[in-house]
Amino acid sequence: MIKLGQLTDSEIIERCRKGEVRYQERLYKRFYSYAMGVSLRYAINREDALEIVNDAFIKIFDKLHSFDSQRPFKPWLRQIIINQTIDKKRRLLKAECELPIDEITEPVWENADAISLLGYKDILQMLNTLPEIQSLVFNMYEIDGYAHEEIAQMLDISTSSSRVYLSRAKEKLRKLIEELNTEGYGRAV
Amino acid sequence: MEERFDKILSNHIRSVFDNYEDHSANEGWDQLLMQRQKANSKKKRIIPIWIWTVTGTAAILALFALNLDLANQKSIFTSPQLEVKIVKSKNISKSAKSLTKLHASIQLPKSKVKVEANNGRPNALTAPALEALALENIENAFVEELEKIPAVEINQLSQHISQHPDLNLVERSPIRALNNKIEIKPEFVKEYIAGETQQKRRRNIDYSVMAGSFMSYANGTENNGLGYKAGLDLNIPLTSRVQLNTGLNLGQQTLEFSGNNADLPASIAAKMNAYDDNPGVVSSPDSYKANMVAIDLPVNVRVAFPSANYTFFVSGGFSSYSYVNDSYSASYYSYPFGTGTGVRTRESLNIDNSGSLFSRIDWFRTLNMSAGIDCKLGKKQLSIEPYLKYPLGGLGADQIRWNSIGVNLKFSFWRQ
């Protein structure tokens with residue numbers, strides 16, 4: 001009997017290529033937490049995140065033959081999840097992108113210590129208060145390392161819009177963190 | 001601390017989610033399997049219950065109309081009081097048999113006859129009591145009928161009918177009626193001849209030209225425009241009420257799909273996802289447009305319910321298709337992987353699957369249902385026929401399941 005736990009990622013991927021559902025399940029479960037971690041940042045809620053993850057894995061199982069197994073799997077998975085999110089939200093984003101954009105000056109942030117206290121639920125709660133497009137740009141730029149040019153191309157918006165959305169997102173997040181900090185201070189007093 | 005606040009925030013978020021632990025993988029996997037199963041079951045041809053209901057109703061209507069038609073023909077020659085049925089019976093009384101000797105033209109079928117009194121008694125004649133009753137009835141009926149019908153009259157009628165060879169071909173001709181010892185009166189023969197003439201007239205094939213417009217829909221489509229069609233239509237009578245409707249018409253239709261994966265038919269999404277087969281590239285559909293000029297070859301059963309000025313009809317059947325033009329245009333995003341850019345590019349392609357006409361025929365791909373009216377316009381006739389086509393399978397090279405709803409107008413020039 002094969003002990004699945006001993007197999008490397010590329011070995012599992014090789015088995016998945018042959019369409020073996022058991023190994024697809026193994027691959028899914030091995031990267032599920034990571035995938036959900038990426039997806040939750042972009043999704044509206046947990047159900048939405050799971051749907052994106054599952055759609056991404058279905059696509060991955062279909063396209064696994066084209067994956068170079070010498071490369072790390074995680075970045076590929078992350079990229080597909082992000083693409084899946086963009087595809088899913090394209091219509092919604094189109095409507096949001098039509099809103100007028102005012103240039104916003106780069107905020108000066110303070111109270112950096114408050115950040116380290118944030119758990120994943122706090123972060124998700126904060127991200128969910130942002131408009132969809134701002135949350136998306138913030139995630140793509142700040143967390144996943146896309147350049148504004150790339151974001152602009154992927155979301156069909158201009159580079160300057162991408163910068164503005166990012167600034168707005170940061171501004172809102174800064175205010176939220178400050179509020180949280182004040183509330184925490186108030187409670188302590 | 002000089003480090004920018006936003007960098008601290010993003011590093012913290014990255015760290016939190018990179019180390020995120022989720023223990024619902026089992027539930028997630030179950031859901032993925034369900035998603036897959038659902039997608040697979042969509043691919044299977046499932047005919048919904050309502051289709052069965054409509055088809056069943058149409059079949060019952062057709063049988064009902066067919067039965068009415070036969071009953072009408074039968075009633076001309078059967079006695080209003082008697083209906084003859086052949087059933088298994090070994091106990092035909094001697095007296096009943098002896099009755100047959102009274103008149104040469106009346107014969108009692110050998111040991112297999114029963115007569116049911118058509119006076120509201122139950123039809124289940126296999127029970128011994130009813131059988132006895134039937135035998136009693138046949139004896140009485142024979143006596144009564146023979147008293148009414150002079151032998152000379154029957155002979156004259158037989159000769160008259162035999163001069164009309166067409167009538168002898170008809171299964172329920174008066175000759176047969178006579179041989180089956182059933183009452184014949186001169187007016188019945190007149191009715192019969194009139195009826196036959198009328199029926200012969202009815203049995204002419206009815207040709208018409210048709211044109212129609214319709215709206216097509218497939219799961220995931222948007223901005224659907226009107227489609228148009230025109231062609232020839234013919235109704236071949238099977239009985240006076242039931243006709244076989246067929247013909248040939250040319251129709252044009254266009255469907256546009258959005259690129260959202262969830263909306264695209266699974267087969268097209270899979271195809272588009274695989275457009276770019278380069279290693280390390282994932283493609284994702286953006287838009288898809290199907291354009292089709294197809295020849296529709298319908299085979300329907302049409303049941304008519306005539307009245308004085310118009311005829312109401314219902315029709316049901318299947319259509320097969322061949323294609324004059326079967327082309328698709330699609331655009332998709334290509335996400336190259338491994339270059340580090342992650343930038344998607346938009347690609348487009350046009351596919352023309354049109355071959356020579358009739359090189360591809362999709363047999364019985366839609367279920368047709370319609371109801372309408374035939375209006376008489378002098379010697380001509382105009383039919384207005386709203387209809388619905390439900391896909392039983394995919395059409396064209398990409399096997400899209402088209403639904404259509406529309407109206408046909410048919411104009412018959414050659415009506416007699």
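Trainee: Lys170(A): buried or exposed?
Mentor: This is a predicted model, where local features need pLDDT of at least 70, side-chain atom pairs count only at pLDDT 80 or more, and totals for chains, interfaces and linings use all residues; side-chain values use heavy atoms, without hydrogens or water. Residues are numbered from 1 along each chain as its sequence is written, while chains are lettered from A and ligands numbered from 1 in the order written. Buried means under 20% relative accessible area, exposed over 50%, and partly exposed in between, with a 1.4 Å probe and protein chains only. Lys170(A) has 6% relative accessibility, so the call is buried.

Trainee: Which element holds Lys170(A)?
Mentor: Elements are DSSP runs numbered from the N terminus: helices are H or I with at least four residues, strands are E with at least two. By that scheme, Lys170(A) lies in chain A, in helix α8.

Trainee: How many residues apart in sequence are Lys170(A) and Glu142(A)?
Mentor: In space, their C-alpha atoms are 9.9 Å apart. Along the sequence, the gap from Glu142(A) to Lys170(A) is 28 residues.

Trainee: How many charged residues does the contact of α6(A) with α1(B) have?
Mentor: Classes first: Ala, Val, Leu, Ile, Met, Phe, Trp, Tyr, Cys and Pro are nonpolar, Asp, Glu, Lys and Arg are charged, and the others, Gly among them, are polar. The contact of α6(A) with α1(B) has four nonpolar residues and one polar. The charged count is four.

Trainee: What is the orientation of α6(A) and α1(B) to each other?
Mentor: Axes are lines fitted to C-alpha atoms, for helices over the stretch in contact, and angles between N-to-C directions run from 0 to 180 degrees. Under 35 degrees is roughly parallel, over 145 roughly antiparallel, 65 to 115 roughly perpendicular, and the rest oblique. These two axes cross at roughly 90°. So α6(A) and α1(B) are roughly perpendicular.

Trainee: And what is the orientation of α5(A) and α1(B)?
Mentor: Helix α5 (residues 120–129) of chain A and helix α1 (residues 5–18) of chain B have axes 10 Å apart. They pack at an angle of about 120°. The two are therefore oblique.

Trainee: Which residues of α1(B) meet α5(A)?
Mentor: On the α5(A) side are Tyr120(A), Ile123(A) and Leu124(A). By class, this contact has six nonpolar, one polar and no charged residues. The partners in α1(B) are His12(B), Ile13(B), Val16(B) and Phe17(B).

Trainee: How many helices are there in chain A?
Mentor: Chain A has zero strands. Its pattern along the sequence is α-α-α-α-α-α-α-α. Helices in chain A: eight.

Trainee: What percentage of chain B residues count as buried?
Mentor: Chain B has 10 helices and 12 strands. It runs to 416 residues. The buried part is 43%.

Trainee: What contacts does Gln243(B) make?
Mentor: Gln243(B) is in strand β6 (residues 242–258) of chain B. It counts as buried because its relative accessibility is 13%. Leaving aside neighbours within four places in sequence, its contacts are Asn235(B), Ile236(B), Pro237(B), Leu238(B), Asn300(B), Val301(B) and Arg302(B).

Trainee: What is the phi of Asp156(A)?
Mentor: Asp156(A) is in the loop between α7 (148–155) and α8 (159–188) of chain A. At 51% relative accessibility, Asp156(A) counts as exposed. Asp156(A) is not a glycine, yet its phi is positive, at about 55°.

Trainee: And what is the phi of Phe364(B)?
Mentor: Phe364(B) sits in strand β10 (residues 361–377) of chain B. Its relative accessible area is 45%, so it is partly exposed. Phe364(B) is not a glycine either, and its phi is positive, at about 50°.

Trainee: How many disulfides does the structure hold?
Mentor: A disulfide here is a pair of cysteine sulfur atoms within 2.5 Å. Cys16(A) is buried at 2% relative accessible area, and Cys375(B) is partly exposed at 21%. Over all chains, the disulfide count is zero.

Definitions and conventions
Contact = heavy atoms within 4.5 Å.
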